[in-house]
Amino acid sequence: MKVVHQLFVCLHAVMALLFALVSLGLLGVAASKGWSLWALGWGEDATLHWVEVMGVLAAAVVALQISQTVVEEEVVRDASIAGPTRVRRFLSRFLVVVVVALAIEALIATFKGQETPQHLLYPAALMAGVGLMLLGWGVFVHLNRSAEELEPEAMEAAKSEDGEVSQDR
């Protein structure tokens, strides 16, 4: 059984590495687009293009944050996320980057749709979805807090692991 467990740890490490490589690729794309914009000057659509660069950078951050989360939770800590504290923290780290990325995508779509109002339906729906995600996340955190109070030892275990992870850095 330990061999299977080590296989899963290795697979998580490979996936984290791939997410980090995608993040670097996206960073390169954003830098290339940004450099082209800088070299070509400040045209009429410059704001839209700079916001698109910001969207690519946000996607790079999302990929890097997912990589870091997988490494810290599945490789370094090597802990099960069965406890309420661990589930809340894992989901919160993931949702923060997803919500920011979707909000930036909605901003980009809003800039693109300014000329034709019928194209603003997509960004409005996207922002409504972001709002619903934030609302659901808030309800989850609120309900999870009461579950954490029932298992204070799980909170202490997670806090002690935080100290171990930060010492390893």
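Visitor: Which residues make up the largest nonpolar core here?
Guide: In this predicted model, the largest nonpolar core has five residues in all, and they are Ala16, Val62, Ile66, Val70 and Val97.

Visitor: And which helix gives the most to this core?
Guide: That is α2, which contributes three residues to this core.

Visitor: What does Ile66 touch, if I leave out residues up to four places away in sequence?
Guide: With those set aside, Ile66 touches Phe19 and Phe94.

Visitor: OK, what about Ser67, where is its place?
Guide: Ser67 sits in helix α2.

Visitor: Is Ser67 buried or exposed?
Guide: The relative accessible area of Ser67 is 7%, and because buried means under 20%, Ser67 counts as buried.

Visitor: Which residues is Ser67 in contact with, leaving aside its neighbours within four places in sequence?
Guide: Once those neighbours are left aside, Ser67 is in contact with Ala16, Phe19 and Ala20.

Visitor: How would you describe two packed helices?
Guide: Two packed helices are described by the angle between their axes and by the distance between those axes.

Visitor: Then what are those values for α1 and α2?
Guide: Helix α1 covers residues 2-40 and helix α2 covers residues 46-76, and their axes come within 8 Å and cross at roughly 165 degrees. Angles over 145 degrees count as roughly antiparallel, and therefore α1 and α2 are roughly antiparallel to each other. The crossing in which α1 passes α2 is left-handed, and the residues of their contact divide into 24 nonpolar, five polar and three charged.

Visitor: What about α2 and α3, how do their axes cross?
Guide: The axes of α2 and α3 come within 9 Å, with a crossing of roughly 170 degrees, and α2 and α3 are therefore roughly antiparallel to each other. By class, the contact of α2 with α3 has 14 nonpolar, five polar and six charged residues.

Visitor: And α3 with α4, at what angle do the axes cross?
Guide: Helix α3 (residues 84-112) and helix α4 (residues 121-150) have axes that come within 9 Å and cross at roughly 165 degrees, which means that α3 is roughly antiparallel to α4. The crossing of α3 and α4 is left-handed, and the residues of this contact are 22 nonpolar, four polar and three charged.

Visitor: Last topic, how much of the protein chain counts as buried?
Guide: The protein chain has 169 residues, and 30% of them count as buried.

Visitor: Among contacts between residues at least 6 apart in sequence, what share join residues at least 24 apart?
Guide: For contacts of that kind in the protein chain, 72% join residues at least 24 apart in sequence.

Key
Residues numbered from 1 in each chain as written. Predicted model: local features only at pLDDT ≥ 70, side-chain atom pairs only at ≥ 80, totals over all residues. Heavy atoms only, no water. Axes fitted to C-alpha atoms, helices over the stretch in contact; angles between N-to-C directions. Helix = DSSP H or I, 4+ residues; strand = E, 2+ residues; numbered from the N terminus. Parallel < 35°, antiparallel > 145°, perpendicular 65-115°, else oblique. Left-handed = near helix turned anticlockwise from the far one by under 90°. Nonpolar A, V, L, I, M, F, W, Y, C, P; charged D, E, K, R; others polar. Core = buried A, V, L, I, M, F, W, Y, C linked by side-chain atoms within 4.5 Å. Buried < 20%, exposed > 50% of the residue type's maximum accessible area, 1.4 Å probe, protein only. Contact = heavy atoms within 4.5 Å.
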